[in-house]
Amino acid sequence: MATMIDETVILRYLLNDNKRQADEAAATIASGTTLVYPEIIARTAVSLRDVYHVPRSVIGEALTRLLEDVTVVDEAAVRLAIRYFSSTLLDFTDCLMVARNVLCGHRVVSFDKAILKKMLPV
């Protein structure tokens, strides 16, 4: 049976800023049954950027390493979104939308010019 975790667990795991919680997070993730949804990755990225003021490139590296330790729903899109997030100024949810456009060719309607520049013509 899978164990879903939220961004608080991921943050403790990545930041190791609360020893007891970081140890519990590490043990949970080490169990090999951890499941993470894309919206949790998005919330983690935003928290690291806005609350902890971690640079986007560092967030990208940390989240990419995290994907080696957990099962992520829609992993290919999340991996590509992490790459976009670490190298652009787009929000993570926008990066997910762009990634899904690139990988799946889904048509996207948006009035955001920054997003539209990254989209494939569909």
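Modeller: The axes of helix 5 (residues 75-87) and helix 6 (residues 92-104) come within 8 Å and cross at roughly 125 degrees. This is a predicted model, in which local features need pLDDT of at least 70, side-chain atom pairs count only at pLDDT 80 or more, and totals for chains, interfaces and linings use all residues. Residues are numbered from 1 along each chain, and side-chain values use heavy atoms, without hydrogens and water.

Colleague: How are the axes and the helices defined?

Modeller: Two packed helices are described by the angle between their axes and the distance between the axes. Axes are lines fitted to C-alpha atoms, for helices over the stretch in contact, with angles from 0 to 180 degrees between N-to-C directions. Helices (H or I, at least four residues) and strands (E, at least two) are DSSP runs, numbered from the N terminus.

Colleague: Which orientation do helix 5 and helix 6 have to each other?

Modeller: Angles under 35 degrees count as roughly parallel, over 145 as roughly antiparallel, 65 to 115 as roughly perpendicular and the rest as oblique. Helix 5 and helix 6 are therefore oblique to each other.

Colleague: How is the sheet read?

Modeller: Two strands pair if DSSP finds at least two bridges between them. Here three strands form an open sheet in the order 1-2-3, with parallel pairing. Strand 1 (3-4) and strand 3 (71-72) are the edge strands, each pairing on one side only.

Colleague: Where does histidine 53 lie?

Modeller: Histidine 53 lies in the loop between helix 3 (38-50) and helix 4 (56-66). Its phi is near 55 degrees, a positive value in a residue other than glycine.
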